[in-house]
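Q: Before any term is applied here, please set each value against its definition, and then say what follows.

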Amino acid sequence: MRFVAAAIVLGAVPFLGLPAFYESFLYLVFHWVVLATSWNILSGYSGYFSFGHAAFFGIGVYTTAVLAGKLDWPFLWTLPFAAAVPALVGVALGAIIFRVRALRGELFALLTLAVTFVVSTLVLNTPVDGGPGVMLSAVSIPKLAPTVSGTFYLLSLVLALATVAIAYAVYHSRFGTGLFAIHDDEAVAEVMGVPTYRFKLAAFALSCALAGVAGGIYGVFVSYVTVGETFSGFVALYVILMAALGGTRHWLGPALGAAALTTLLYVFTTSDYAVAGRAAMGLIFILVILFLPQGLLGRFAHRKALPRRNAPIPSAAPAAKNMESILVVRDLSKAFKGVQALSHVELEVRRGEILGLVGPNGSGKSTLINLVSGHYPVDGGSIRFEGRELVGEAPHRIARAGIARTYQIPRPFPHLTVLENVALPPMFGQVVMDRAAAEAEAWRWLEFTGLAGKALLQPQHLNLHQRKFLELARALASRPKLLFLDEVLSGLTPSEMNEAIRLIRAIRDQGATIVFVEHVMRAVMELTDRVVVLTYGKNIAAGAPGDVMRDPQVITAYLGAAHA
């Protein structure tokens, strides 16, 4: 309601008879709100830091310049194309860039900067501009308000309100949750079921489209566009600073930063100290980096938890053991730069059992989990889950099939709360839930693992034992058909270990199928129905725990030949 009330009040400004100065100034504020917020939808939410926002803004400028200035299209008709053209360019670039894992971080930022130079060179050396610029003073302006400045004010206001509303909707949506997970740990997000490629592409397209519309309006507002001014490096620097000042992980942060810095810059520009204004911007950038890394709204960046409610507990009668095979691995191989991590490994997991996967350090246990979960590509062999071949499948599709895992070294999403961490897999796993249902499911597993009292904290405030249990709760929240537990007991004290064993027993009693990777032999002997032993990436034994542990090859693998 407050948003609607603010929109009504601001929408009345052009009809108050104020001097055109105020309408033009507010137009510029809204213009930068759009650019900063649209940049943030990709770069702030997903962490793919872009220096190329000026390119997509400029494509929007010149789309309208060509359609309205050279082809005499009605101004408003050009704006959908000012959005569509940069969005299509962004999708085309993203379709290539986002498939190359190396193009992240600094490389992605530099590549987007290079795109700005490429686009500006193409525009300058083609009939789109040709060198002298494009005059737009003859473009007919629709009479949406009593004055021309009022019309631009209204267009910019509507676009700014729409952009902020979109940022808010994304922030609170399943889409936004996925983007924030990508920001923190893209590989884990994919394994948890987030379709990272599709989400990044959608965020990129949305960011480019909004910047393009802002460019289309701006071109007619200034009435004369040139390549040098349109594709200026200051556009990218300003939007980054505005978003950083307000807070990149909050939907309203970039809008707040844009309003503050546009006002500050305008004060300096209209005074005798225009150069000092740019110096002040640089100083603010330094101060933000040193003292406000989360921005002005950083402390409010966590989404407010929905009212707590109990999730319905799914029926889980104990599954019949030693019957149907749920996972069958055949002839599986994997090498890393010539080092053979797995060689022709065979594994069969039966529905309802706990299968122990043991072996010395470096035997390939975690590599096997990484291959089954899609974290690494397979060099050779077959992985069939419920009869479906998983080799070549994207990790998020494997998660959707019903496979979940923990990590040997806990990898929670550091900027999400404990509750948000556990609520993410239910949104993307085999049982896709909305946010309310996912949080209810998360509360259930936080209670189960004893972490309910830590739900609103960030993972950095948990000790190792609690982070291990957070990994367990996060894996269970997706209601997996098959659960890989990768050394969940390592680093725990004896009492913490006893608690973990109790929890794993409780999970088994609900009918779960578990592959239990562990070095603690007491736990292996107590919990597992069968054991498979790996050493040097090869199978050496399989069978009942007691029989396997007496096998001479197993004793040799663990203790050496002198003890065999």
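A: The crossing of H3 and H4 is right-handed, a crossing being right-handed if the near helix is turned clockwise from the far one by less than a right angle, and left-handed if anticlockwise. The model is predicted, with local features needing pLDDT of at least 70 and side-chain atom pairs counting only at pLDDT 80 or more, while totals for chains, interfaces and linings use all residues. Residues are numbered from 1 along each chain as its sequence is written, and side-chain values use heavy atoms, with hydrogens and water left out.

Q: Why is H3 called oblique to H4?
A: Helix H3 (residues 53-70) and helix H4 (residues 75-97) pack at an angle of about 140°, with their axes 8 Å apart. That angle makes H3 oblique to H4, because angles under 35 degrees count as roughly parallel, over 145 as roughly antiparallel, 65 to 115 as roughly perpendicular and the rest as oblique.

Q: What makes helix H15 largely enclosed by the rest of the structure?
A: Of the 11 residues of helix H15 (residues 418-428), 11 are buried, so the helix is largely enclosed; buried means under 20% relative accessible area. The buried residues include Glu420, Asn421 and Phe428, and those of H15 pack against H7, H8, H14, H16 and H17, with contact meaning heavy atoms within 4.5 Å.

Q: Why are strand S4 and strand S7 called edge strands?
A: In the open sheet of four strands, the order is S4-S3-S6-S7, with antiparallel pairing. Strand S4 (339-350) and strand S7 (388-389) each pair on one side only, where pairing requires at least two bridges found by DSSP. Eight bridges join S3 to S4.

Key. Axes fitted to C-alpha atoms, helices over the stretch in contact; angles between N-to-C directions. Helix = DSSP H or I, 4+ residues; strand = E, 2+ residues; numbered from the N terminus. Buried < 20%, exposed > 50% of the residue type's maximum accessible area, 1.4 Å probe, protein only.
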